[in-house]
Amino acid sequence: MTDRDMLFDYLLRLGDNSLILGQRLAEWTGHTPMLEEDLALTNVGLDLIGQARMLLTYAGEVEGKGRDEDRLAFHRDTAEWRNLLLLEQPNGDFAKTMARQFFFDQFQYLQFEALSTSSEERLAGIAAKSLKEIAYHRRHSTDWILRLGDGTAESHERMQTAIDELWGFVPEMFEMDATDDALLVAGIGIDVARLRAAWDAAVNDVLVEATLARPKDSWSVRGSREGKHSEHLGYILAEMQFLQRAYPDAKW
């Protein structure tokens, strides 16, 4: 893998995370528990898609094969996607959506904070620009963990179930591979493994306040960096990519 190939892959990971989670949140539009939350989740999704646009545009330029943000978003098959497995999981009930959001928001804030000092100026700029949005996302999902965890007996049970069901997807966020190692040495990427202690501290504090139990580290899944995904990603792409696949050269 060349340096250019590694940077392209790295940017795909970041952009794909934002795009797939943004697409998942779009599924809640018109279906959230209340109007205020409908607007809030829609805005979080739009923020994520905005991040994805910047990152995928950059990725296409680095690749140098004429693929723009639309081509990368709508004309890649499942094995070419690099998003975390956590983010393609079904929304489930509102508690599960918030648990997934909370785990990722805590991670993405730490990740983009570190990337804002990248030697790759454009990547650093995208990370810095996104941090204010991510800070809001993190506050929003944290508030819901607290409200549901320390709410009624049913809301507590639903949130605990959601956290238990998603916990095994957490370790993948902190894995390092050869691409991460090479870009870390170059000053472009970061050591995500070193973010785990700060993530644990922040998450543990919220779980305690929300009267929720931290699950045991009894299972984990991985594979997104090799293009290995759950069946859920295929359904997301089938819906997201249909129009562009059916009319590949359409002009809007």
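**Salt bridges and nonpolar core**

There are 20 salt bridges in this structure, which is a predicted model. I shall discuss three of them in some detail.

Let me begin with Asp9 and Arg82, which form a salt bridge whose closest N and O atoms are 3.2 Å apart. This pair connects distant parts of the chain: Asp9 belongs to helix α1, Arg82 sits in the loop between α3 and α4, and 73 residues separate them. Are these two residues buried or exposed? Asp9 is buried, because its relative accessible area of 9% falls under the 20% limit. Arg82 is likewise buried, at 16%. Both residues also take part in a network of salt bridges, together with Arg13, Asp177, Asp180 and Arg225.

The second pair is Glu175 with Arg222, where the closest N and O atoms are again 3.2 Å apart. Here too, distant parts of the chain are linked: Glu175 is in the loop between α6 and α7, Arg222 is in the loop between α8 and α9, and the two are 47 residues apart. Glu175 is partly exposed, with a relative accessible area of 23%, and Arg222 is partly exposed as well, at 48%.

The third pair is local. Arg158 forms a salt bridge with Glu154, with 3.0 Å between the closest N and O atoms. Both residues lie in helix α6, four residues apart, or about one turn of the helix. Arg158 is partly exposed, its relative accessibility being 40%.

I now turn to the nonpolar side chains. In soluble globular proteins, such side chains tend to be buried together. In this model, the largest nonpolar core comprises 73 residues, and those with the most contacts inside it are Phe103, Phe107, Leu123, Met159 and Trp199. Which elements give two or more residues to this core? They are α1, α2, α3, α4, α5, α6, α8 and α9. The greatest contribution comes from α4, with twelve residues.

Leaving aside residues up to four places away in sequence, Met159 touches Ala95, Met98, Ala99, Trp144, Ile145, Leu148, Gly149 and Leu212.

Finally, let us consider the surface. Phe242, Leu243 and Tyr247 make a nonpolar surface patch of about 350 Å². Tyr247 lies in the segment after α9. Tyr247 counts as exposed because its relative accessible area is 54%, and exposed requires over 50%.

Thank you for your attention.

Terms used. Residues are numbered from 1 along each chain as its sequence is written. This is a predicted model: local features need pLDDT of at least 70, side-chain atom pairs count only at pLDDT 80 or more; totals for chains, interfaces and linings use all residues. Side-chain values use heavy atoms; hydrogens and water are left out. A nonpolar core is a set of buried Ala, Val, Leu, Ile, Met, Phe, Trp, Tyr and Cys residues joined through side-chain atoms within 4.5 Å. Buried means under 20% relative accessible area, exposed over 50%, partly exposed in between (1.4 Å probe, protein chains only). Contact means heavy atoms within 4.5 Å. Patches are made of residues with over 30% relative accessible area and no salt bridge: like charges are joined within 9 Å, nonpolar side chains (Val, Leu, Ile, Met, Phe, Trp, Tyr) within 5 Å. Accessible areas come from the Shrake-Rupley method with a 1.4 Å probe; for residues, only the protein chains shown count as cover. A salt bridge is a side-chain nitrogen of Lys or Arg within 4 Å of a carboxyl oxygen of Asp or Glu.
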